Amino acid sequence: MSEEVTSDKLTEVSTTGAAFSDKQESMMVEFLDMMDQFLVQLKVLFPECAETQRLNDVFNDTFDSSNRSSDDRKASAKQAVERWSQVMRPLFSRFVSKDDSAIEELSQVPELSGLDIMAKWNSELHPTTRDNIFMYLTELTQLCNVNTMYNTAPSNLMNAVFSMANNLTQQLQAGQLDLNNLNVMGLAEDIMQQVDEDEIQNFAQNITQGGSDMSQVQDMFSMASQMMNGLGGNGVDLSALLGQRK
């Protein structure tokens with residue numbers, strides 16, 4: 001496979017999730033949209049690989065509205081998101097840093113064994129293609145982790161975060177907000193006043209495996225900061241929230 005061919009076969013990530021009123025369902029739609037893009041582009045990138053074609057066929061059969069009910073497709077989507085989160089969340093920081101060891105671990109996942117990933121991840125794979133594969137893996141994992149936050153975070157916290165994010169977005173669009181002067185800590189304090197301390201502590205314990213893996217807090221809140229505030233990555237750093245309660 002020549003470098004000229006591989007360099008442009010896998011395009012940049014784009015999300016096309018529908019605008020549902022239910023934000024968690026919208027995240028799930030974005031995950032499926034992006035997974036569809038990723039599988040299609042892997043098929044184009046490795047046309048000789050029968051397993052990439054099979055995975056595309058399975059995905060299409062699972063989420064084709066002509067042969068599956070809406071409830072069945074939602075149940076399958078939930079399973080897909082939860083499985084991806086289970087496998088990929090521990091690898092997130094290595095996806096971001098483009099660490100090849102994360103790809104080696106992926107090759108050992110049973111569902112992916114037929115892809116023969118390590119044989120494909122070789123010197124013939126163009127660096128741009130590698131970067132874009134890491135980008136897809138990162139973005140898909142971000143979506144799964146936001147979904148995990150929906151499932152585990154106190155409802156008061158999520159409601160406060162989204163209310164704050166919507167207000168900031170409206171102010172930004174109206175020209176009433178200068179992001180350079182945004183008081184992040186003040187916003188975090190305002191949110192925390194609306195959340196019970198015990199709820200926050202329980203949430204922290206749940207997502208850190210009883211406090212044994214505090215990096216999960218940083219990763220999850222950093223991802224959520226980028227994806228939930230609607231400010232193009234310039235919004236509130238939610239990782240500061242837990243630090244407001246001692």
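**Core, helix, rings and backbone**

The largest nonpolar core has 41 residues, and among these Phe31, Trp84, Phe95, Leu106 and Leu137 touch the most other members. A nonpolar core here is a set of buried Ala, Val, Leu, Ile, Met, Phe, Trp, Tyr and Cys residues joined through side-chain atoms within 4.5 Å. Buried means under 20% relative accessible area, exposed over 50%, and partly exposed in between, with a 1.4 Å probe and protein chains only. At least two residues of this core come from each of α2 (23–45), α3 (50–63), α4 (70–88), α6 (100–106) and α8 (127–152). The largest share, ten residues, is supplied by α2. Helices are DSSP runs (H or I, at least four residues), numbered from the N terminus.

The structure is a predicted model, in which local features need pLDDT of at least 70, side-chain atom pairs count only at pLDDT 80 or more, and totals for chains, interfaces and linings use all residues. Residues are numbered from 1 along each chain as its sequence is written, and side-chain values use heavy atoms, with hydrogens and water left out.

Leucine 137 touches Phe38, Trp84, Phe95, Ile103 and Leu106, leaving aside residues up to four places away in sequence; contact means heavy atoms within 4.5 Å. There is also a second, separate core of eleven residues, which includes Met164, Leu182, Leu187 and Ile191. In soluble globular proteins, nonpolar side chains tend to be buried together.

Helix α3 can be checked for length. Its 14 residues should span 20 Å at 1.5 Å a residue, and the end C-alpha atoms are 20 Å apart, which agrees. The expected span is 1.5 Å times one less than the number of residues. The buried residues of α3 are Glu51, Thr52, Leu55, Asn56, Phe59, Thr62 and Phe63. These residues lie on the same side of α3 because they cover an arc of only 145 degrees around the axis, the arc being that of the directions from the helix axis to the C-beta atoms.

Next come the aromatic rings. Rings of Phe, Tyr and Trp (its six-membered ring) pair if their centres lie within 6.5 Å; planes under 30 degrees apart count as stacked, over 60 as edge-to-face and the rest as tilted. By this rule there are four aromatic pairs. In one of them, phenylalanine 31 and tryptophan 84 are edge-to-face, at 6.1 Å centre to centre with 75 degrees between the planes. This pair links distant parts of the chain, since phenylalanine 31 is in helix α2 and tryptophan 84 in helix α4, 53 residues apart. Phenylalanine 31 counts as buried at 2% relative accessibility, and tryptophan 84 counts as buried at 13%.

Tryptophan 121 and phenylalanine 134 have ring centres 5.4 Å apart and planes at 85 degrees, so this pair is edge-to-face. Tryptophan 121 lies in the loop between α7 (117–120) and α8, and phenylalanine 134 in helix α8, so the pair ties together parts 13 residues apart in sequence. Tryptophan 121 is buried, with a relative accessible area of 11%, and phenylalanine 134 counts as buried at 3%.

Which backbone positions remain? Lysine 98 has a positive phi of about 60 degrees although it is not a glycine. Lysine 98 is in the loop between α5 (92–96) and α6, and counts as partly exposed at 42% relative accessibility. Aspartate 116, also not a glycine, has a positive phi near 50 degrees. Aspartate 116 lies in the loop between α6 and α7, and at 47% relative accessibility counts as partly exposed.
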